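Hi,

Here is the structure I promised to pass on.

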Amino acid sequence: MIEVSNLVKAYGSLLALDGISFSAGEREIIGFLGPNGAGKSTCLNIMTGYLSSTSGKVTIDGEDISEKPELVKKNIGFLPEQPPLYGDMTVFEYLSFVYDLKGVKFNREKHLEEILKVTRLSDVKKRLIKHLSKGYKQRVGIAQALVGNPKVLIFDEPTVGLDPKQIIEVRNLIRTLGREHTVILSSHILSEVQSVADRIVIINEGKILADERTDSISRAVNESARYSVKICGPQKEVLAVLKEVNGVSYVEIAGEREKDSFTYRIESENGYDMRKNLFMAMAERAWPIISLETESASLEEVFIKLTDTGLAEKKQRRGGRR
Ligand code: ADP
C-alpha cells in the first residue's frame, strides 16, 4: 500500500532524512517511533505531499506521490501535529467544508454522519469547534482525515496533550480504524505505539534504526526486566539475600526508608522471570514484599537494547543493500 524508498530531505546543511526506506501493507498499523527531532514529521509531511523531498520516492497504492499528487492525496487522510481546525465552524460545518475541499462524491449527509458515529462526535456535531475540549478537538481532527474514506491514514503524534482517558479513547479509535485502513502513527513514546501498532519503525537522526513486528521489539525490550520492589526487613540483610536470588542480575537500594521497609531496584537476567524465586526467598525469612512494580524502558534504553540484540544492526545491513 505504501512504499517509501531512500527518502532524503535536507534543510540547508541539515540532513533531516538520510535515506529512509520502509513499506506498509493493507490494513496494517505502523508505529513510527523516534525522539523529538528524529525526522518523523518531515517524513510524514513528504508522504502526504505537504513537503517535497530532496531525493527518493513515495508511492501509495502503486502511484508516485510526486507524479500524481492530487490522485495520491485522495488516498490519504492526514492528521498533522497541529490539526487545521476552524474554531468558528460547528463540527458538522467543518467536516462539510473538508468534504467540499476534497471533492468527495459520496452522499454528503450519509458519509459525514457515518464519520461522526465512528469518531463518537454525533452528539456535538452542532457545537462550535472552539467550545470543544482538547480530546474532542483531536477527534474532529481524526474525523476530517476520514472524509472521503481514504485507504491510508497518517496521524502525527495524535495523543500529545490529551489526558489519560482521552488517550485511551483515541487509541481505541485508531485500533478500530486499522481494521479498514492502513494507519501510520507517529510518536516519541514507546508504550504509545506498542499498544496499537502491528509493526514499529524506529527512526533516529534521520535514519531507520529498526523495523520489526511489535512483539519482537517488545520481547527485545523486556528481556532483561527491571523492577522496583519494596520489602519490609533489615536493609543490609535483605540486600545480601536479594543478590543471591536465582535470576537476579543486579540490585541497588532505591529511595528512602518508609517505616520498616526499603525500596530496591532489581534487574533480572535476560528472559528469566525471577519473581517467584524472589517471593520464596523473602517468605522464607518472613520479610514481606509490600509492592513489586515493573519499570518501563525509556526510548534511549530501547535504542541500546535493539543495538545489543542485533535487531537494529540487522536492519541497517538490510537497508544498506537497497
Ligand atoms: P520529529 O517530527 O521527529 O520531531 P522533525 O521532522 O520535525 O522531527 O525534524 C527533524 C529535524 O529537522 C530537526 O532537527 C528539526 O529541527 C529540523 N527541521 C524540521 N523542519 C525544519 C525546517 N522547516 N527548516 C529547518 N529545519 C527543520
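K259 sits in the loop between β12 (248-253) and β13 (261-268); helices (H or I, at least four residues) and strands (E, at least two) are DSSP runs, numbered from the N terminus. Its phi is near 55°, which is a positive value in a residue other than glycine. K259 is also exposed, at a relative accessible area of 75%. For that word and its relatives, buried means under 20% relative accessible area, exposed means over 50%, and partly exposed is in between (1.4 Å probe, protein chains only).

Before going further, the provenance: this is a predicted model, where local features need pLDDT of at least 70 and side-chain atom pairs count only at pLDDT 80 or more, while totals for chains, interfaces and linings use all residues. Residues are numbered from 1 along each chain as its sequence is written, and side-chain values use heavy atoms, with hydrogens and water left out.

E205 is another non-glycine residue with a positive phi, near 50°. You'll find E205 in the loop between β9 (199-204) and β10 (207-213), and with 65% relative accessibility it counts as exposed.

Now the overall picture. The protein has twelve helices and 14 strands, and its C-alpha atoms fill a box of roughly 75 × 50 × 35 Å along the principal axes. It is divided into domain 1 (2-220) and domain 2 (224-295), with bounds that come from an automatic or database domain assignment. The centres of the two domains, taken over C-alpha atoms, are 43 Å apart.

- Of the 322 residues, 47% count as buried.
- The accessible surface comes to about 16500 Å², and 49% of that belongs to carbon and sulfur atoms. Areas are from the Shrake-Rupley method with a 1.4 Å probe, and for residues only the protein chains shown count as cover.
- Taking contacts between residues at least 6 apart in sequence, 69% join residues at least 24 apart. Contact here means heavy atoms within 4.5 Å.
- The mean positions of the 46 positive and 45 negative charges are 4 Å apart. Lys and Arg count as positive and Asp and Glu as negative, with His and the chain ends not counted; each charge is placed at NZ of Lys, CZ of Arg, CG of Asp or CD of Glu.

On to the inside. A nonpolar core is a set of buried Ala, Val, Leu, Ile, Met, Phe, Trp, Tyr and Cys residues joined through side-chain atoms within 4.5 Å. Which residues touch the most other members of the largest one? Of its 44 residues, they are V91, L95, V147, F155, I200 and I202. Helix α3 (residues 91-102) provides the largest share of this core, with six residues. Apart from it lies another core of 26 residues, including V4, F32, I46 and I65.

V170 is in helix α6 (residues 164-177). Is V170 buried or exposed? It is buried, with a relative accessible area of 2%. Leaving out neighbours within four places in sequence, V170 is in contact with I142, P158, T159 and L162. V170 and F262 are 92 residues apart along the chain, and their C-alpha atoms are separated by 38 Å.

S52 is in the loop between α1 (40-47) and β4 (55-60), and is exposed at 52% relative accessible area. Beyond four places in sequence, S52 is in contact with K9 and I46. From S52 to V8 is 44 residues in sequence and 9.9 Å in space, C-alpha to C-alpha. S52 and N277, by contrast, are 225 residues apart in sequence and 57 Å apart in space, C-alpha to C-alpha.

N277 itself belongs to helix α10 (residues 275-284) and is partly exposed, with a relative accessible area of 26%. Not counting residues up to four places away in sequence, N277 touches V245, N246 and Y272.

Finally, P234 lies in the loop between β11 (226-232) and α9 (235-244) and counts as partly exposed at 37% relative accessibility. The C-alpha atoms of P234 and V245, eleven residues apart along the chain, are separated by 17 Å.

Cheers
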